[in-house]
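Hi,

Here is the structure I promised to pass on. Have it open while you read, and my notes follow below.

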Amino acid sequence: MRELIITENITIDGVIDASEGWFVPSGSDDEHDAAELAKVQQEHMSGADAVLLGRVTYQEFEDYWPKQADDQTGISDYLNNVTKYVVSGTLSNPTWQHTTVLRGPLLDEVAALKAEPGQAIVTTGSIQLVQALVPSGLVDEYRLWVYPVALGYGRRLFQNRPDQPDLRLVEARPFGSGIVLMRYRAEPKRGG
């Protein structure tokens, strides 16, 4: 069975909504640090052959990534060529190659994707989508790129509700910029 991985850029207080401008796409202005971040991203991309996105994030990506002709990170090439699944009840006739629209029900669609042969499925951004996936039991791993920023407000990955997953830390990798990659495996829910 394929794994579902949520990867998010997140503040130290759990905010994934980047509308306040705290997120820096390169991660760092330091050349060595940016290269290290890109190397890890390449490793992650090589293990995933599908991306799952909500409509808003999909449209933002579709408008941005295909135009990045000089992208040295490989993200543009990856996103242009990987299979993309977009969850939407309104999107019709997507123009970005290798795109399939999923109309739901969401958890049934995602479970069916996980049952297909292939590598991991990664979802990123897509706040409403990931917030729906977190309590579903379908997420296998969380890759959180924790930025040294505290906002005190904003939309968070983990909501204030009792059905949040149990997590086991499998990697904590700091970078010179202050960003820390925190990888967690979702564990079976313990009794409460």
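Let me start with Lys67, which sits in the loop between H2 and H3. One thing to keep in mind throughout: this is a predicted model. With a relative accessible area of 55%, Lys67 is exposed, because anything over 50% goes in that class. Its side chain still has a partner, though: a polar contact of 3.0 Å joins Lys67 to the side chain of Asp63.

The largest pocket comes out at a volume of about 1600 Å³. It has 49 lining residues, and those closest to its centre are Asn9, Thr57, Phe61, Thr124 and Gly125. Which elements give two or more residues to that lining? On the strand side they are S1 (4–11), S2 (48–54) and S6 (141–147). The helices are H1 (31–46), H2 (55–64), H3 (75–81) and H5 (127–133). Sorted by class, the lining of the largest pocket has 29 nonpolar residues, 13 polar ones and 7 charged ones.

The second largest pocket holds about 150 Å³ of space. Its lining is made up of 15 residues, with Val134, Gly137, Pro165, Ala186 and Glu187 nearest the centre. By class, the lining of this second pocket splits into 8 nonpolar, 3 polar and 4 charged residues.

Strand S2, one of the contributors to the lining of the largest pocket, deserves a look too. Why is S2 described as largely enclosed by the rest of the structure? Because 6 of its 7 residues are buried. S2 also pairs with two other strands. With S3 (residues 83–87) it runs parallel, joined by 5 bridges, and with S5 (residues 120–123) it pairs in the parallel sense over 4 bridges. Leu52 is a handy residue for seeing both pairings: its bridge partner in S3 is Tyr85, while in S5 it stands opposite Thr123.

Then there is Thr99, in strand S4 (residues 99–102). Is it buried or exposed? Thr99 has a relative accessibility of 17%, so it counts as buried, the limit being under 20%. Leaving out residues up to four places away in sequence, Thr99 touches Tyr58, Lys84, Val86 and Pro94.

Last stop: Leu169, in strand S7 (residues 166–174). At 46% relative accessibility, Leu169 counts as partly exposed, because that class runs between the 20% and 50% limits. Again setting aside residues up to four places away in sequence, Leu169 touches Met182, Arg183 and Tyr184. Ala186, one of the residues nearest the centre of the second largest pocket, is 17 residues from Leu169 along the chain, and their C-alpha atoms are separated by 9.1 Å.

Cheers

Technical notes:
Residues numbered from 1 in each chain as written. Predicted model: local features only at pLDDT ≥ 70, side-chain atom pairs only at ≥ 80, totals over all residues. Heavy atoms only, no water. 1 Å grid on protein atoms, 1.4 Å probe; cavity = no way out; pocket = protein on both sides within 12 Å on 5 of 7 lines; lining within 4 Å. Points joined across faces, edges and corners; volume = space filled by probe spheres on them. Nonpolar A, V, L, I, M, F, W, Y, C, P; charged D, E, K, R; others polar. Buried < 20%, exposed > 50% of the residue type's maximum accessible area, 1.4 Å probe, protein only. Contact = heavy atoms within 4.5 Å. Pairing = 2+ DSSP bridges. Polar contact = N/O pair within 3.5 Å; in protein donor to acceptor, adjacent residues only side chain to side chain.
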